[in-house]
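This briefing covers one protein chain, first as a whole and then by element and residue. Please read it alongside the sequence and the model.

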Amino acid sequence: MRVIRTAAAQLGPIQRSEDRASVIARMIALMDAAKAEGADFIVYPELVLTTFFPRWYLEDRRDADAWFEATMPSAASAPLFARARTHGMAMTFGYAELTPEGQHFNTSILVDKSGAIVGKYRKIHLPGHVDYDPGRTHQHLEKRYFEPGDLGFPVWRALGGILGMCICNDRRWPETYRVMGLQGVEMVTLGFNTPSVNSQRGGEGLEQRLFHHRLSCQAGAYQNATWVVAVAKAGDEDGHHLTGGTLIVDPNGFIVAELVGEADGIIVHSCDLDETRFGKETIFDFARHRRVEHYGRITAQTGVVLPD
Ligand code: ING
């Protein structure tokens with residue numbers, strides 16, 4: 001048994017007017033609740049310190065820097081790191097990273113029980129578009145405000161196992177999980193901000209979005225025999241609704257816990273990393289079953305090459 005008692009900590013809506021101190025206070029309250037349920041690891045959403053700002057078009061991208069963190073821990077998030085150390089609780093959370101060189105990433109960090117940042121991931125699959133798109137019911141400007149991640153899909157030895165991170169749209173791409181699966185990952189954590197309606201297909205509503213969200217997380221977990229912990233920022237932000245769907249998937253692809261509603265809240269589950277062994281040693285024993293000589297297109301091509 002190698003159990004990580006894991007809390008998935010959903011944040012409800014963060015309005016554009018809400019400041020970081022208020023958000024950090026909400027995150028600390030969730031951490032206290034997780035501690036009370038015996039958690040030793042807490043997973044927070046993507047871009048958790050601010051509203052989901054890629055919905056807002058700004059002519060001058062530099063004006064968006066107000067939503068970024070130039071240091072981490074930042075002054076605003078220091079109380080969260082302090083509380084985590086007090087609780088002896090490891091954590092992950094997502095934020096907008098502005099590097100000293102002036103680069104912009106949609107980033108997630110892994111912080112160990114001592115409060116040290118032991119892992120960093122920068123979102124690779126950026127959805128949306130760069131310029132204002134009048135054809136959309138709402139904007140989704142991640143390609144405007146962020147660069148694609150430059151750290152690959154790393155994993156880290158932490159909390160007695162092998163952990164990895166991805167972010168939101170990454171969960172829809174099988175390559176994300178497989179690259180970590182090929183490194184033996186036993187738990188993938190991810191945060192997400194998912195608009196409840198498709199800005200290009202009005203008929204696609206909340207239930208379809210939640211279906212695709214669960215499908216993506218369950219497939220990634222099953223096909224790589226890993227736990228997946230997916231945590232929403234949910235609810236109505238300045239009139240723009242984000243889905244809930246915070247959930248924990250076991251290494252066989254079964255959802256073992258899902259949070260109902262769109263407010264701040266936690267689900268806590270004892271995730272035994274040894275439950276990954278059966279899948280990794282039988283149906284998804286990559287060394288015995290994969291035939292890489294036939295997979296060339298996956299890295300040779302970016303887009304589709306149609307037959308003659
Ligand atoms: N949000 C959405 C997500 O992947 C999206 C964007 C929604 C893409 C639905 C495709 C379909 O959940 C982020 N932040 O990636």
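Buried means under 20% relative accessible area, exposed means over 50%, and partly exposed lies in between, with a 1.4 Å probe and protein chains only. D285 is buried by that rule, because its relative accessible area is 18%. The model is predicted, so local features need pLDDT of at least 70, side-chain atom pairs count only at pLDDT 80 or more, and totals for chains, interfaces and linings use all residues. Residues are numbered from 1 along each chain as its sequence is written, and side-chain values use heavy atoms, with hydrogens and water left out.

**Whole chain**

- The chain has eight helices and 14 strands; helices (H or I, at least four residues) and strands (E, at least two) are DSSP runs, numbered from the N terminus.
- With a radius of gyration of 19 Å, close to the 19 Å that the globule rule gives for 308 residues, the chain is as compact as a globular protein of that length. The radius is taken over C-alpha atoms, and the rule is 2.2 Å times the number of residues to the power 0.38.
- Along the principal axes, the C-alpha atoms fill a box of roughly 60 × 55 × 40 Å.
- Of the 308 residues, 54% are buried.
- Contact means heavy atoms within 4.5 Å. Among contacts between residues at least 6 apart in sequence, 68% join residues at least 24 apart.

**Surface and charge**

- The chain exposes about 13300 Å², and carbon and sulfur atoms supply 55% of this area. Accessible areas come from the Shrake-Rupley method with a 1.4 Å probe; for residues, only the protein chains shown count as cover.
- The chain has 32 positive and 38 negative charges, and their mean positions are 3 Å apart. Lys and Arg count as positive and Asp and Glu as negative, while His and the chain ends are not counted. The place of a charge is NZ of Lys, CZ of Arg, CG of Asp or CD of Glu.

**Helix α1**

- Helix α1 spans residues 20-36, 17 residues in number, and reaches 24 Å from its first C-alpha to its last, close to the 24 Å expected at 1.5 Å a residue. The expected span is 1.5 Å times one less than the number of residues.
- Its buried residues are V23, I24, R26, M27, I28, L30, M31 and A34.
- These buried residues pack against β1 (3-10), β2, α2, β3 (90-98) and β14 (265-272).
- G38 follows α1 and has a positive phi, near 80°.

**Residues in loops**

- Q15 is found in the loop between β1 and α1, and at 24% relative accessibility it counts as partly exposed.
- Q15 and D236 are 221 residues apart in sequence and 8.3 Å apart in space, C-alpha to C-alpha. Leaving out residues up to four places away in sequence, Q15 touches T51, D236, E237 and D238.
- T50 is in the loop between β2 (41-43) and α2 (78-87) and is buried, at a relative accessible area of 7%.
- Beyond its neighbours within four places in sequence, T50 is in contact with I14, R20, W67 and K233.
- D285 lies in the loop between α6 (277-281) and α7 (286-289). With neighbours within four places in sequence set aside, D285 is in contact with G279 and K280.
- D285 and A225 are 60 residues apart in sequence, and their C-alpha atoms are 9.4 Å apart.

**A residue in strand β3**

- T92 lies in strand β3 and is buried, with a relative accessible area of 2%.
- Not counting residues up to four places away in sequence, T92 touches F41, I42, V43, Y44, S108, I109, L110, M165 and T189.
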